[in-house]
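Please keep the sequence and the coordinates at hand while reading.

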Amino acid sequence: MATSLGAYAGKVIRINLTDRSWSEYPVDDRDRKLFLGGKILAARILHDFIQGPLDPLGPENVLVVTTCPLNATGCPSSSRFNVSAISPLTGILTSSNCGGSFGIALKRAGYDAVIFTGKSDSLITVELSPAGVNFKDAEKLRGMLTADTQQALGSKGSKLVIGPAGENLVRYACAVSDDRAAGRGGIGAVMGSKNIKAIVAFGAKNIPVAHPDRLLNVKRKWTERLRAHPLTGEQLPRLGTAALLAPMQQKRLLATKNFSAGRYQNYASVTGEEMAERFLIRNKGCTSCPIQCARVVDLDGKTVKGPEVEILGLMGANILNDRLEDIIRWNYELDELGMDTISTAGTIAFAMELNEKGLWNSGLSFGKIDNLSEVIRSIAFRSDAVGDALAEGSKRLMQRFGGEEFCIQVKGMELSAYEPRGAVGQGLGYSVANRGGCHLNAGYEVVVEGLGLTINPYTKHGKAQIAIMFQNLMEAVSAGGNCLFTTYAFFPFFLFTKPNGFLAKTVNKVLPYFGPALSVVNRYPKLAKINIFSMLPHPVALHAATGMKLTMGDLMTIGARGFNLERMINQRLGISAKDDKLPRRLTDVEQVPGDPRTKVPQAELKRQFYRARGWDADGRVTPRTLRYYGLDDLDDIGKRSLPRKEGAAQ
C-alpha cells in the first residue's frame with residue numbers, strides 16, 4: 001500500500017515461485033509505525049504465514065527480505081537489510097542482518113519488502129526493479145562461488161547470492177551481498193531449497209524523506225559523534241572487531257577447546273594487533289559508514305576481506321590453532337562457498353571433541369588443521385560422509401553420536417566466541433535468544449561484563465534487566481536500518497577514556513543494582529518520553545526521515561514488540577522454557593576449578609528474565625504483555641483489501 005510517511009518505498013510484494021507470479025502485499029502505515037521495518041516487519045509478515053511446525057527446506061517455508069526506513073538516507077551505517085525465514089538449522093524463526101549494497105538497491109527498486117513463497121522448478125535469478133519482477137534461468141551459475149556469481153550477473157544492480165553450500169542445502173549456508181554475509185540460521189539453504197541462486201535489485205526510485213534539512217543536520221552531528229567516540233572513532237577503525245580478542249583472553253571470555261576453557265595460551269598469534277601488523281592492507285566499510293571496521297588483508301598476494309573476531313576465536317582458540325594465515329584463508333573460503341563462519345567453526349570443534357572422546361571418528365582433532373580447507377569444501381558440497389554429517393550442524397551430530405553436555409549450541413544454533421562462564425549475563429542471553437545461540441539477539445551483554453564496561457561478570461543482580469534493555473534497543477536499531485555498532489555511542493566517553501576514574505568505577509559498581517529501576521522501564525517503555533541525542537540519535541533520525549515522532553521509549557517499545565512477536569512465532573513452532581537452556585558444560589562445570597562463580601546460574605537468571613519480560617513460568621508471552629504491545633489482536637494483513645496488480649511469469 002502507498003505510504004504517507006517519508007523514507008519508505010511504499011510497496012511490499014509477494015512472489016509465488018511455483019507459478020512465477022507476483023502481487024502486491026497489503027502492508028500499511030499502521031504496520032510501519034508499529035513494526036518499523038527490517039526484522040520486526042519481517043516477523044509481522046511471517047506471523048501471518050507460520051501457523052505451526054513445517055519443513056524449513058520445503059516449499060511451505062517463507063523467505064522475507066526487508067529493507068529499513070533509514071536505508072538510502074545517507075545516515076551513518078544505515079545500509080543494513082534483513083532476511084528472515086524458518087531456519088533449517090534450528091527449525092524456528094531466524095533473521096539475518098546484512099550490510100553490503102543490496103538493501104539500498106532494493107529500496108531504490110521501489111520495495112520495502114519482498115516475500116518469497118513456493119519453490120521454483122529450476123534454478124533461477126529473480127530480478128526486482130520498478131517495472132516489476134523478472135525470472136531468469138540460472139543453470140549456468142550452478143556450483144559457482146559467491147564472488148564469481150555476482151561478477152557473472154554483470155554490473156547492473158546489487159545482488160544477494162548463494163554459493164555451493166546453499167545449493168547443497170548445508171543447514172547453516174549463508175547468502176552474500178558484495179562481500180558481506182546474511183550469515184546465521186541457514187538463509188542460504190532456504191534460498192537453495194527454493195531454487196533461488198540470486199536476487200538482483202536495481203532502480204533509481206527517489207525515496208523522499210519527511211524533513212530533509214533536519215535530517216541533514218542529524219547526519220552531520222551523528223557522524224561527528226561516532227568519529228569522536230573511543231569505540232567507533234578509534235578502536236573499531238584501528239583494529240576492527242578483532243580488537244576484542246585480547247580483552248576476551250584477559251577476561252576469561254575467549255572460547256577455547258570447544259568452550260572447555262576461557263583462555264588460550266597462544267592467543268597472541270591470532271589477535272587484531274597481529275593481523276594489523278602482518279596482513280592488513282587497508283580499512284573498509286559498508287555504504288554510508290564512517291566507522292570503517294572491516295579489514296582488507298593479504299592472502300597469498302591476493303586482496304581479500306579479513307576475518308572478524310568470531311572466526312578468529314572459533315577457528316583459533318576454540319580448535320587450538322594459532323596460525324592466523326589459515327584463519328584468513330578459511331574465512332575467505334567460507335564466504336566464497338557461502339557458509340556461516342560461526343556455525344561451521346562450532347560444528348568442527350564439537351566434532352573434534354567427539355573424536356577425542358571416541359564417540360565419532362571423523363579424522364578431526366584439536367590442533368590438527370592441515371586438512372581443514374578440504375573439510376570445509378566437503379561440507380559445502382556434501383562430497384563425503386564426514387562433510388555430509390557436518391553439514392547438518394552440531395545438534396544433529398549430537399543426536400546421532402552423543403555428547404550432549406559439550407554440544408555448544410542453543411536451540412540448534414552454535415554459540416559465538418564469547419565464553420559465557422566469564423560473563424553470566426551473556427550466558428542468560430544466549431539461552432533465551434529467539435534465534436538460538438546468537439550473541440546479538442542475546443542482547444550482547446558481554447559488552448558491559450568486560451569488553452567495554454567492567455561490571456561484575458558473575459553477579460546475578462540486574463543481569464536479566466540489562467539483557468532485556470539491550471535486546472529491545474538492538475532489535476529496534478536493527479529494524480531502523482543501522483549497524484548495531486552505532487549503539488556503542490550509547491555509553492558516555494568517560495567510561496572508556498578514564499576507565500579507572502571515580503565515575504567509571506562507580507558506574508561499574510552500581511549498575512547491576514539498578515535492576516528494579518530498569519525493570520520498570522523494560523516493562524513500560526512507553527513511559528520514557530525523552531530523547532538524548534548524544535546517547536541514542538536513532539529516534540531523532542527516524543523522525544526526520546519518516547515524519548514519525550519517536551522518543552527513546554517509543555524505540556524501545558518497538559524493539560520489545562518485535563522481540564515478543566518473534567517469541568510468539570516460536571511458540572507456534574513448539575518453543576517453551578525447556579528450550580531456553582545452555583549445554584551442561586556451561587551451567588554445571590566450573591570454568592575455574594574451585595570457583596563456583598564461574599558457571600552460569602541459568603535457572604535463577606531465567607526466572608528473573610521471564611518475570612521481567614512479562615512471560616509466564618513456561619516462557620510464554622502473557623496476555624497482559626501481548627495487550628501492552630498491541631500483539632493480542634493481530635489481523636491477517638494478507639487478507640486486507642488491496643487493488644492487486646498481478647505479474648505473470650517472464
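In helix α25, the buried residues are Gln 602, Leu 605, Lys 606, Gln 608, Phe 609, Tyr 610, Ala 612 and Arg 613; buried means under 20% relative accessible area, exposed over 50%, and partly exposed in between, with a 1.4 Å probe and protein chains only. Helices (H or I, at least four residues) and strands (E, at least two) are DSSP runs, numbered from the N terminus. The model is predicted: local features need pLDDT of at least 70, side-chain atom pairs count only at pLDDT 80 or more, and totals for chains, interfaces and linings use all residues. Residues are numbered from 1 along each chain as its sequence is written, and side-chain values use heavy atoms, with hydrogens and water left out.

The cover over the buried residues of α25 includes α17 (424-432), α18 (463-480), α21 (515-523), α23 (552-572), α24 (584-588) and α26 (623-628). The end C-alpha atoms of α25 (residues 602-613) are 16 Å apart, which agrees with the 16 Å that its 12 residues should span at 1.5 Å a residue; the expected span is 1.5 Å times one less than the number of residues. After α25 comes Gly 614, with a positive phi near 80 degrees.

Most residues other than glycine have a negative phi. Ala 7, however, has a positive phi near 75 degrees and is placed in the segment before β1. Its relative accessibility is 1%, so Ala 7 counts as buried. Ser 77 likewise has a positive phi, near 55 degrees, and is found in the loop between β3 and β4 (81-86). At 4% relative accessibility, Ser 77 also counts as buried.

Why is strand β6 largely enclosed by the rest of the structure? The reason is that 5 of the 5 residues of β6 (residues 113-117) are buried. In a regular strand the side chains alternate between the two faces of the sheet. From β6, Ala 113, Ile 115 and Thr 117 point one way, while Val 114 and Phe 116 point the other way. Strands pair if DSSP finds at least two bridges between them. Strand β1 (residues 12-16) pairs with β6 in the parallel sense over 5 bridges, and Val 12 has Ala 113 as its bridge partner. The pairing of β6 with strand β3 (residues 63-66) is antiparallel, over 4 bridges, and here Val 65 has Val 114 as its partner.

Strand β9 (residues 158-161) is covered on both faces, with Ser 158 and Leu 160 buried on one side and Lys 159 and Val 161 buried on the other. Antiparallel to β9 runs strand β12 (residues 196-201), joined to β9 by 4 bridges. In this pairing Leu 160 stands opposite Ile 199.

Leu 334 belongs to helix α12 (residues 324-337) and is buried, with a relative accessible area of 0%. Beyond its neighbours within four places in sequence, Leu 334 is in contact (heavy atoms within 4.5 Å) with Ile 311, Met 339, Thr 341, Thr 344 and Ile 376.
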